[in-house]
Structures are given as structure tokens and as C-alpha cells.
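This report describes the fold of a protein chain. It covers the order of the elements, the strand pairing, the loops and the helix.

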Amino acid sequence: MYCPFCDRVTVCSAHAPNFPMAPGEYLQSAAGHPDLHWFRRSRICTTCNESFHTAEIYEKHIHELIQLRDGLGDLAKSVEALPAQVSRRDD
Ligand SMILES: [Zn+2]
């Protein structure tokens, strides 16, 4: 799998079920988003020995995340392009 620390596709082992998470912590959800559920897993990269968590989630939500990131980037560029006097209401 992909390791975000050494930026390589390599073998990463999965931790035992209770390390470092309690058994009930595997299935995650987000308050206010009843359609979002994912399985959280702890991994250790066998190349760099770093540990990290991964999430197994419906792929549709990854595409949604990409669209949201793109939209936020476009919004930030639009705000940066606003004239300075528009952002200061008390002038
Ligand atoms: Zn690694």
C-alpha cells in the first residue's frame, strides 16, 4: 500500500485489533453526515517503520473530497483576487 511518510508503494503491516485503537473504534462515522462510514486501520510501513492510520471508505466519497478541495482552492483564489477595499467594510 502507499506510505505517506516514505512516499512509496510498499508493504505495510496491519496492527493487531486492539493496538492502538480499542475494538469499538474501527467503524467510524461523522456527526451530521449519516452517509459517511469508514473502517479505520493502523498500519506500519515495513520500509520506513512509520505508523499511520488508513480509512476504508466508499470511493464515491473520495471523488467528493477531490471536488471539494478543488472548489475551496477556486474560492480562495477568488477571495485573493478581490480588491482590498471590498474586504475592509469599516473603510
Ligand atoms: Zn514508509
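## Basis and overall make-up

Helices (H or I, at least four residues) and strands (E, at least two) are DSSP runs, numbered from the N terminus. From the N terminus on, the order of elements is β-β-β-β-β-β-α-α, that is, six strands and two helices. The model is predicted: local features need pLDDT of at least 70, side-chain atom pairs count only at pLDDT 80 or more, and totals for chains, interfaces and linings use all residues. Residue numbers start from 1 along each chain as its sequence is written.

A residue is buried if 20 or more other C-beta atoms lie within 10 Å of its own, exposed if 12 or fewer, and partly exposed in between, with C-beta atoms placed from the backbone. The protein has 91 residues, of which 3% count as buried. Two residues are in contact if their C-beta atoms, placed from the backbone, lie within 7 Å. Among contacts between residues at least 6 apart in sequence, 44% join residues at least 24 apart.

## Strand pairing

Two strands pair if DSSP finds at least two bridges between them. Strand E4 (residues 27-30) and strand E5 (residues 33-45) are antiparallel and share four bridges; in one of them, Gln-28 is partnered by Trp-38 of E5. The two strands form a hairpin with two residues between them. Gly-32, in that turn, has a positive phi of about 85°.

E5 also pairs with E6, again in the antiparallel sense, through seven bridges. Ile-44 has Ser-51 of E6 as its bridge partner. Here the hairpin has five residues between its strands.

## Ala-55 in strand E6

Ala-55 lies in strand E6. This residue counts as exposed because it has 12 C-beta neighbours inside 10 Å. Leaving out residues up to four places away in sequence, Ala-55 touches Trp-38, Phe-39 and Arg-40. Its C-alpha is separated by 9.0 Å from that of Ser-42, a residue 13 places apart from Ala-55 along the chain.

## Loops and positive phi

Most residues other than glycine have a negative phi, and most peptide bonds are trans. Asp-7 has a positive phi, near 55°, and is not a glycine. Asp-7 sits in the loop between strand E1 (2-3) and strand E2 (8-9). It counts as exposed because it has 9 C-beta neighbours inside 10 Å. Asn-49 is another residue other than glycine with a positive phi, of about 70°. Asn-49 belongs to the loop between E5 and strand E6 (51-57), and its 10 C-beta neighbours inside 10 Å make it exposed.

Pro-4 is found in the loop between E1 and E2. With 11 other C-beta atoms within 10 Å, Pro-4 is exposed. Pro-4 and Phe-52 are 48 residues apart in sequence, and their C-alpha atoms are 8.3 Å apart in space.

## Helix H1

Helix H1 (residues 59-81) has 23 residues and reaches 34 Å from its first C-alpha to its last. The expected span of a helix is 1.5 Å times one less than its number of residues. For H1 the expected value is 33 Å, and the computed reach is close to it.

How many of the 23 residues of H1 are buried? The count is zero, so H1 is hardly covered.
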